[in-house]
Structure formats: C-alpha cells, structure tokens
Amino acid sequence: MMAIKRIEHGHYFEDFAPGQVYRHHWGRTITDGDNSLFTTLTMNFNPIYFNAEHARDLGYDGVVVNAMLVLNVVFGLTVEDLSERALAHLGYANVRFGAPVYPGDTLYAESTVLETRESRSSPDRGIVHVKTVGRNQRGEMVVEYERKILIKQRSHYGEVDRRPEW
C-alpha cells in the first residue's frame, strides 16, 4: 500500500491578527464566456451585461462584466488564505463597486484583517473580520467589501486537521 502525504491548507483562528495584509496570488482573467454564462445562469436581464450597443449608449466601452460575477471571483481569490478552515461565512457588509470590469480584464485581491475575537458561544472557534479590495490589472478598485468568518481554533483542534482522508 502506498503512503499518501497529507498537505495541510488554510489558517487557524490564532494565525490571524489585526493589521495583517494578504495579497492573494494568481488573479483571474474574466472572459466574455464567463460573463455570458454567469449572467444567463443567474437570469440577470440587465442589458449592459450582454448588449454591447446598449452599454455603449450608456457610456461604457462595451459589454460590462456582471457585478455579482466580479464579487464572486474576488471572493474566490481570497479563500485559500482566509477561509479554507472556515466553519461558516457570516456574511458581507459595506459592499461597494468601483470601476467597471470588461471581458479581458484580470482581477486581483488583497485583504486586511480588521479584527479578531473568540466566539462567545463556542470556545473552539473565533471570528475574523476582514476587508477585501479587488482591483483590475490597472490597479483600479472594482469591488471592496467586509466579511466575517467563523474559523477553527488550533488550540482545540490541534495541528492535525481531523477531516477524514479520502
């Protein structure tokens, strides 16, 4: 039988401290297909997301990427650093959209830890409050938001994650 090396991912509650900044790696280029599929699947009928002439008539350079796709892509870029050990996502706050995103733009994300606190109801977890800013390849802010994440405490779970191996 071959041994499988387990690679641990994510951070425990104790790994976060106010003021920490995470520059999330990779980035993600949004394609016209991404935008069309997301807009269709979410049944969003705002014509700026699929009608270039209408978007230009409103002053845009062409079809605009669906704002909820922008939010979801930026959120996805943060998961590896912020919430792989999360027990729950506790919601968004103060969401603000900036420069429009167009197909072909590449999005990047950076998050700052605003606050941490232990859970009042469960001693094996804590709440991490972060602010995330998404930017395009030109450095323009395209979305920013805050979120709170319920995360395991290392002191209660130990160094080894207790999830079943597959």
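Visitor: How many aromatic pairs does the count come to?

Guide: Rings of Phe, Tyr and Trp (its six-membered ring) pair if their centres lie within 6.5 Å; planes under 30 degrees apart are stacked, over 60 edge-to-face, and the rest tilted. By this rule there are three aromatic pairs. One of them joins F75 and Y92, edge-to-face, at 5.9 Å centre to centre and 70° between the planes. This is a predicted model, in which local features need pLDDT of at least 70 and side-chain atom pairs count only at pLDDT 80 or more, while totals for chains, interfaces and linings use all residues. Residues are numbered from 1 along each chain as its sequence is written, and side-chain values use heavy atoms, leaving out hydrogens and water.

Visitor: Which parts of the chain does the pair of F75 and Y92 link?

Guide: Helices (H or I, at least four residues) and strands (E, at least two) are DSSP runs, numbered from the N terminus. F75 lies in helix α3 (residues 67-82) and Y92 in strand β2 (residues 86-97), 17 residues apart.

Visitor: Is F75 buried or exposed?

Guide: Buried means under 20% relative accessible area, exposed over 50%, and partly exposed in between (1.4 Å probe, protein chains only). F75 has 18%, so it is buried. Y92, at 37%, is partly exposed.

Visitor: What does Y92 form with Y145?

Guide: Y92 and Y145 form an edge-to-face aromatic pair, 5.4 Å centre to centre with 85° between the planes. Y145 is in strand β5 (residues 141-152), 53 residues from Y92. Y145 is buried because its relative accessible area is 1%. F75, Y92 and Y145 form one aromatic cluster.
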